[in-house]
Amino acid sequence: MMRTFPTLALVAALAGCQEEDQAVDPPVRGLKTHLIADIERTTVRRFPAVLERTSLNTLSFEVAGKLNAVPLEVGQRVKRASRVCVKTL
C-alpha cells in the first residue's frame, strides 16, 4: 500500500495540471473616426488671382463664297446661334 500511495498522488497531481479549454475572444480592432463639422463653422479661404490662358486655339475652315462683312470686334463675346459673318455664294 505504501507504493500505491505515491503513485496515486503523482497521478492526481498530473491530472490537476491538465489545461482546460478556454474560449479565446477575438482581438478588438481599432476604428478611426473623424467628426465632420458643419459648413457654417468652417473657414472659407479666398485667394485673389488673375487667370490667364496657357494657349490660344485658332479655328479655321474653308467655305466657298465671298465674305461681305464680319460684324465682330476683337475680344467680343459671342452667344449661341448669333451671326458671326455674312457671305455671298
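Predicted model: local features only at pLDDT ≥ 70, side-chain atom pairs only at ≥ 80, totals over all residues.
Local features need pLDDT of at least 70, side-chain atom pairs count only at pLDDT 80 or more, and totals for chains, interfaces and linings use all residues. Residues are numbered from 1 along each chain as its sequence is written, and side-chain values use heavy atoms, with hydrogens and water left out.

The chain holds 1 helix and 2 strands. Their order from the N terminus is α-β-β. Helices (H or I, at least four residues) and strands (E, at least two) are DSSP runs, numbered from the N terminus.

The chain has 89 residues, and 0% of them count as buried. Buried means under 20% relative accessible area, exposed over 50%, and partly exposed in between (1.4 Å probe, protein chains only). The accessible surface of the chain is about 10800 Å². Carbon and sulfur atoms account for 57% of that surface. Such areas come from the Shrake-Rupley method with a 1.4 Å probe; for residues, only the protein chains shown count as cover.

Strand S1 spans 66–69 and strand S2 spans 86–88, and Ala81 lies in the loop between them. Ala81 is not a glycine, yet its phi is positive, at about 65°. Ala81 is exposed, with a relative accessible area of 82%.

Cys85 also sits in the loop between S1 and S2. Its relative accessibility is 39%, so Cys85 counts as partly exposed. Cys85 is in contact (heavy atoms within 4.5 Å) with Leu67, Ala69, Val70 and Pro71, leaving aside residues up to four places away in sequence. Cys85 and Asn68 are 17 residues apart along the chain, and their C-alpha atoms are separated by 7.7 Å.
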